[in-house]
Structures are given as structure tokens and as C-alpha cells.
Amino acid sequence: MTDALDPAADAPLTYAGALRELEQILAQLERDDVDVDHLAQRVQRAAVLIAHCRERISAAEVEIERVVADLDQ
């Protein structure tokens, strides 16, 4: 999860950044000592990150299709 004291917290979330955070969350969830009190919060954050990644992929697909269509003209 982003840290409020982190200066990069205000920066737009990139696809790569979202993937890194998802990997961190997954590693936390795979540990035997996962804090149950924070489990739902981590899963909710993961869902937000997954949605963000899907949006970025969709936007990239649309842009690629546009560029390819422009090449065909």
C-alpha cells in the first residue's frame, strides 16, 4: 500500500508500479504470519491494483489498434 509520507505517493500509478505492489501483497498473503486484521484491506487494495492494470492494458490495446489502423491508410 502506498505510504502517505512517500513523496512518490502523489505520482500517477504506473502499470509496473501496480505490478510491483501486487507482488508485494501476494508475498504478504503467502506468509504464514499474515495479519488477519489487515487481510481484507490487502485484498481490497489488490483488487484496485488489478482493475488499474486491466484499464492500462485496455488503453494500450486501443492505442495500438489506432496506430496500426493509421499505418494501413
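Is aspartate 33 buried or exposed? Select aspartate 33 and look. At 56% relative accessibility, aspartate 33 counts as exposed, because the cut-off for exposed is over 50%. Keep in mind that this is a predicted model.

**Stop 1: the whole chain**

Show the whole chain as a cartoon. The chain has 2 helices and 0 strands. Of its 73 residues, 15% count as buried. The chain exposes about 5,900 Å². Carbon and sulfur atoms supply 57% of that area. Residues 24 or more positions apart account for 68% of them.

**Stop 2**

Arginine 31 counts as partly exposed, at 45% relative accessibility.

**Stop 3: helix 2**

Select residues 36-72, which make up helix 2. How far apart are the end C-alpha atoms of helix 2? They are 54 Å apart. At 1.5 Å a residue, the 37 residues of helix 2 should span 54 Å, so the two values agree.

Next, colour the buried residues of helix 2. They are Arg42, Arg45, Ala46, Leu49, His52 and Cys53. What covers these residues includes helix 1.

**Stop 4: the core**

Select Ala18, Leu22, Ile25, Ala46, Leu49 and Cys53. These 6 residues form the largest nonpolar core. Helix 1 (15-30) and helix 2 each supply at least two residues of this core. In soluble globular proteins, nonpolar side chains tend to be buried together.

Zoom in on alanine 46. Which residues is alanine 46 in contact with, leaving aside its neighbours within four places in sequence? They are Leu22 and Ile25.

**Stop 5**

Select arginine 45 and glutamate 21. They form a salt bridge, with the closest N and O atoms 2.8 Å apart. Arginine 45 lies in helix 2 and glutamate 21 in helix 1, so the pair ties together parts that are 24 residues apart in sequence. Buried or exposed? Arginine 45 is buried, with a relative accessible area of 18%. Glutamate 21 counts as buried too, at 7% relative accessibility.

**Stop 5: histidine 52**

Move to histidine 52, also in helix 2. At 18% relative accessibility, histidine 52 counts as buried, because the cut-off for buried is under 20%. Leave aside its neighbours within four places in sequence. Histidine 52 is then in contact with Leu13, Thr14, Tyr15 and Ala18. Now pick the C-alpha atoms of histidine 52 and threonine 14. These two residues are 38 residues apart along the chain. Their C-alpha atoms are separated by 8.8 Å.

**Stop 6: a surface patch**

Tyrosine 15 lies in helix 1 and counts as partly exposed, at 32% relative accessibility. With Tyr15 they form a nonpolar patch on the surface. Together the three have about 230 Å² of accessible area.

**Stop 7: a salt-bridge network**

Finish with Glu63, Arg66 and Asp70. They are linked in a network of salt bridges. Glutamate 63 and arginine 66 have their closest N and O atoms 2.5 Å apart. Both lie in helix 2, 3 residues apart, about one turn of the helix. Glutamate 63 counts as partly exposed, at 38% relative accessibility. Arginine 66 counts as partly exposed as well, at 42%.

Definitions and conventions:
Residues numbered from 1 in each chain as written. Predicted model: local features only at pLDDT ≥ 70, side-chain atom pairs only at ≥ 80, totals over all residues. Heavy atoms only, no water. Core = buried A, V, L, I, M, F, W, Y, C linked by side-chain atoms within 4.5 Å. Buried < 20%, exposed > 50% of the residue type's maximum accessible area, 1.4 Å probe, protein only. Helix = DSSP H or I, 4+ residues; strand = E, 2+ residues; numbered from the N terminus. Contact = heavy atoms within 4.5 Å. Patch = residues over 30% accessible without salt bridge, like charges linked within 9 Å, V, L, I, M, F, W, Y side chains within 5 Å. Areas by Shrake-Rupley, 256 points an atom, 1.4 Å probe, with all protein chains shown as cover. Salt bridge = Lys/Arg side-chain N within 4 Å of Asp/Glu carboxyl O. Expected span 1.5 Å × (residues − 1).
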